[in-house]
Amino acid sequence: MRHAAPKAHKAAGAKSLTNLFTTHHGSHSPQAVYAEKAAAGNAEALGIDEDLAAKLNEVAPLTRRSIRESAKAAQRRNTVLTSASLAALVGTAATSMAFMKSQDDTTTMFPAAGAETTQTMNITRVNDGAASRSDTREALTDGLQGAQNQGAVGATTTSTTNEGGWDLGDSNAIADVNALTKAKANNSKVAERVDKDEANLPDGFNPNHPTGDTGNQYPWGQCTWWSYERRHQLGLNTGSFFGDARSWGASAQALGYWVDNTPRAVGDVLVFAPGQEGADGYYGHVAIVEAINPDGSIKISESNVQGAGVISEREFSADKVSGFTFVHY
């Protein structure tokens with residue numbers, strides 16, 4: 001028994017060491033208990049040297065938790081090493097760039113022996129009032145001429161000058177004040193005629209009076225239809241409801257038109273009284289002045305003298321003109 005006991009103890013120790021690398025199931029098996037004690041650093045329970053047990057626990061963890069913790073520890077070590085390596089690499093690159101920059105600055109500030117150097121020249125201010133980049137100042141007009149002479153072949157160079165006057169005296173006076181349009185008429189044609197007839201206008205005449213113009217409402221081909229149509233061709237308004245030809249003078253005057261017995265411009269309406277110069281004995285007749293001759297005679301255009309819609313012309317001498325009624329604007 002005395003000789004067998006040591007052998008049994010030794011065998012037990014050898015068996016425990018063998019079971020350290022053997023997979024067994026169950027948390028209360030002898031193998032699991034030994035593994036738990038080994039993980040806790042209990043080398044005495046295993047019957048082995050403490051340093052050897054610690055080393056075995058490092059290289060071969062015995063529990064899943066130990067495996068996970070070992071893997072996490074290894075990952076942390078790798079992360080720390082990688083970060084440190086990147087930081088060292090960035091620092092090395094920054095140091096290299098700074099060193100190269102300092103080398104360039106040093107080379108610029110302190111050129112090597114024999115290197116070409118530049119010399120700063122003092123610029124002397126010229127007080128002749130001209131602007132130039134050359135040492136010799138030239139007049140601006142001469143510079144423009146020189147630029148024109150040095151232009152490329154085929155190029156067109158234009159030079160300008162500020163010669164001239166800004167006189168605001170008699171040289172800028174308006175030659176014909178009467179040529180300016182002063183009337184405030186909305187119709188441009190009426191405005192021109194009001195300026196021309198200013199001395200003869202009735203007192204209180206309003207060039208923007210109601211026109212009564214809503215379109216040609218007269219029967220086609222009649223004298224009233226043509227008079228309205230022709231006036232619009234000349235840019236002049238005409239009332240759409242002046243009535244029969246005999247009443248055109250009175251109807252126009254009631255709206256504010258200028259009406260008298262004198263022809264004044266092309267486009268005036270000539271109103272014939274019933275029976276006058278061949279006009280209808282009841283309705284009368286209207287026509288348009290087409291020309292005023294120097295001797296006072298006039299030429300007119302009219303419709304329905306030779307048939308409905310037929311436009312014809314007639315002339316009347318100066319002695320007959322004063323007996324007609326004229327509607328102007």
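This is a predicted model: local features need pLDDT of at least 70, side-chain atom pairs count only at pLDDT 80 or more; totals for chains, interfaces and linings use all residues.

In which order do the 6 strands lie? The order is β1-β6-β2-β3-β4-β5, the sheet is open, and the pairing is antiparallel. Strands of a sheet pair through backbone hydrogen bonds.

Consider next the pairing of β2 with β6. Strand β2 covers residues 269–272 and strand β6 covers residues 325–327; the two run antiparallel and are joined by 3 bridges. Within this pairing, Val-269 stands opposite Val-327 of β6.

Two helices deserve attention here. Helix α9, residues 248–255, packs on the sheet and touches β1, β2, β3 and β6. The direction of α9 makes about 40° with that of β6. Helix α8, residues 223–233, lies across β2, β3, β4, β5 and β6. Relative to β3, which spans residues 285–292, helix α8 runs at about 35°.

How many cavities of 30 Å³ or more does the structure hold? There is 1, and the volume of the largest cavity is about 40 Å³. Its lining consists of Arg-193, Asp-197, Arg-264, Ala-265, Asp-268, His-328 and Tyr-329. By class, the lining residues of the largest cavity comprise 4 charged, 2 nonpolar and 1 polar.

Thank you for your attention.

Definitions and conventions
Residues are numbered from 1 along each chain as its sequence is written. Side-chain values use heavy atoms; hydrogens and water are left out. On a 1 Å grid over the protein atoms alone, a cavity is a set of points where a 1.4 Å probe fits but cannot get out, and a pocket is an open set with protein on both sides within 12 Å along at least five of seven lines; lining residues have an atom within 4 Å of a point. Grid points are joined across faces, edges and corners, and a volume is the space filled by probe spheres set on the points. Ala, Val, Leu, Ile, Met, Phe, Trp, Tyr, Cys and Pro count as nonpolar, Asp, Glu, Lys and Arg as charged, and the others, Gly among them, as polar. Two strands pair if DSSP finds at least two bridges between them. Helices (H or I, at least four residues) and strands (E, at least two) are DSSP runs, numbered from the N terminus. Contact means heavy atoms within 4.5 Å. Axes are lines fitted to C-alpha atoms, for helices over the stretch in contact, and angles run from 0 to 180 degrees between N-to-C directions.
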